[in-house]
Amino acid sequence: MKKFLSIIIACCFVISCFAQEHLSFKGIPITGSMTAFCKTLSQKGFTKIGSEKNITIFKGDFTGRQATVGVGATDDGKNVHSVVVFFDESSEWRTLVNTYDYYKDIYTRKYGEPAACKEYNPSSQDSNISLMYELGQGTVTYGAAWSVTGGTIEISIEKSGYSNGMVVIKYRDAQNVEAKIQRDIDDI
């Protein structure tokens with residue numbers, strides 16, 4: 001009887017995972033064919049600037065700011081599973097933190113407190129040079145993540161180039177990422 005109950009519970013979990021909604025970016029569900037997703041993104045005013053392997057890159061307006069948007073597809077290039085927003089690089093720590101804080105605030109207003117958040121810069125000095133040096137060394141951790149209906153959204157400050165950084169927002173659709181992981185597991 002116990003084994004039967006655990007099988008039923010496992011089946012209900014699998015069914016609930018597949019019944020779950022997909023995560024959306026700018027109102028577009030992150031699911032289906034890469035071609036259809038990219039066409040819809042273009043219709044929303046984004047301009048395709050290139051593609052390589054399973055990633056297609058766009059430029060466009062995201063919340064009133066120009067941004068670069070990368071759309072990630074499964075290994076076969078057919079289905080979309082993630083979207084990443086890249087804001088312009090900056091060599092100014094204050095600019096990076098202000099942008100990060102703004103987006104963290106608006107995502108918190110929409111989705112509630114982040115499921116995880118770590119904001120740490122070990123610099124003992126409050127100078128831009130020291131703060132950006134630590135970012136360049138990879139010792140800075142500035143990020144927040146939300147578990148939302150359909151997937152996860154993460155915001156972070158990342159190193160970009162030798163002495164610059166950028167704010168990055170990642171959208172990952174839970175169902176499509178899990179399907180990719182399962183295909184990878186089956187492949188090993």
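**Exercise 1. Which residues in helix 3 meet which residues in helix 4?** Then work out how the two helices are oriented.

*Solution.* Keep in mind that this is a predicted model.

Step 1: Find the contact. On the helix 3 side, look for Trp93, Arg94 and Leu96; they meet Asn128, Leu131, Met132 and Leu135 of helix 4.

Step 2: Sort these residues by class. The contact between the two helices has five nonpolar residues, one polar and one charged.

Step 3: Look at the axes. Those of helix 3 and helix 4 (residues 128–137) come within 9 Å and cross at roughly 65 degrees. Angles of 65 to 115 degrees count as roughly perpendicular, so helix 3 and helix 4 are roughly perpendicular to each other.

**Exercise 2. Classify the ring pairs Tyr100–Tyr142 and Tyr107–Trp146, and say which parts of the chain they link.**

*Solution.* 

Step 1: Start with the total. The model has 12 aromatic pairs.

Step 2: Take Tyr100 and Tyr142. Their ring centres are 5.4 Å apart and the planes are at 70 degrees, making an edge-to-face pair.

Step 3: Locate this pair. Tyr100 sits in helix 3 (residues 93–111) and Tyr142 in strand 8 (residues 141–148), so the pair links distant parts of the chain, 42 residues apart.

Step 4: Check burial. Buried means under 20% relative accessible area. Tyr100 has 0% relative accessibility and counts as buried; Tyr142, at 16%, counts as buried too.

Step 5: Now take Tyr107 and Trp146. Their centres are 5.8 Å apart and their planes are at 35 degrees, so this pair is tilted. Tyr107 lies in helix 3 and Trp146 in strand 8, so the pair ties together parts 39 residues apart in sequence. Both Tyr107 and Trp146 are buried.

Step 6: Widen the view. Tyr107 and Trp146 belong to one aromatic cluster, together with Phe25, Phe46, Phe62, Phe87, Tyr102, Tyr103, Tyr111 and Tyr171.

**Exercise 3. Is Asp88 buried or exposed?** Describe its surroundings as well.

*Solution.* 

Step 1: Asp88 is in the loop between strand 6 and helix 3.

Step 2: Apply the cut-off. Exposed means over 50% relative accessible area, and Asp88 has 54%, so Asp88 is exposed.

Step 3: List its contacts. Leaving aside neighbours within four places in sequence, Asp88 is in contact with Gly165 and Met166.

Step 4: Compare sequence and space. Asp88 and Ala67 are 21 residues apart along the chain, and their C-alpha atoms are separated by 6.8 Å.

Technical notes
Residues numbered from 1 in each chain as written. Predicted model: local features only at pLDDT ≥ 70, side-chain atom pairs only at ≥ 80, totals over all residues. Heavy atoms only, no water. Phe/Tyr/Trp six-rings, centres within 6.5 Å; stacked < 30°, edge-to-face > 60°. Helix = DSSP H or I, 4+ residues; strand = E, 2+ residues; numbered from the N terminus. Buried < 20%, exposed > 50% of the residue type's maximum accessible area, 1.4 Å probe, protein only. Axes fitted to C-alpha atoms, helices over the stretch in contact; angles between N-to-C directions. Parallel < 35°, antiparallel > 145°, perpendicular 65-115°, else oblique. Contact = heavy atoms within 4.5 Å. Nonpolar A, V, L, I, M, F, W, Y, C, P; charged D, E, K, R; others polar.
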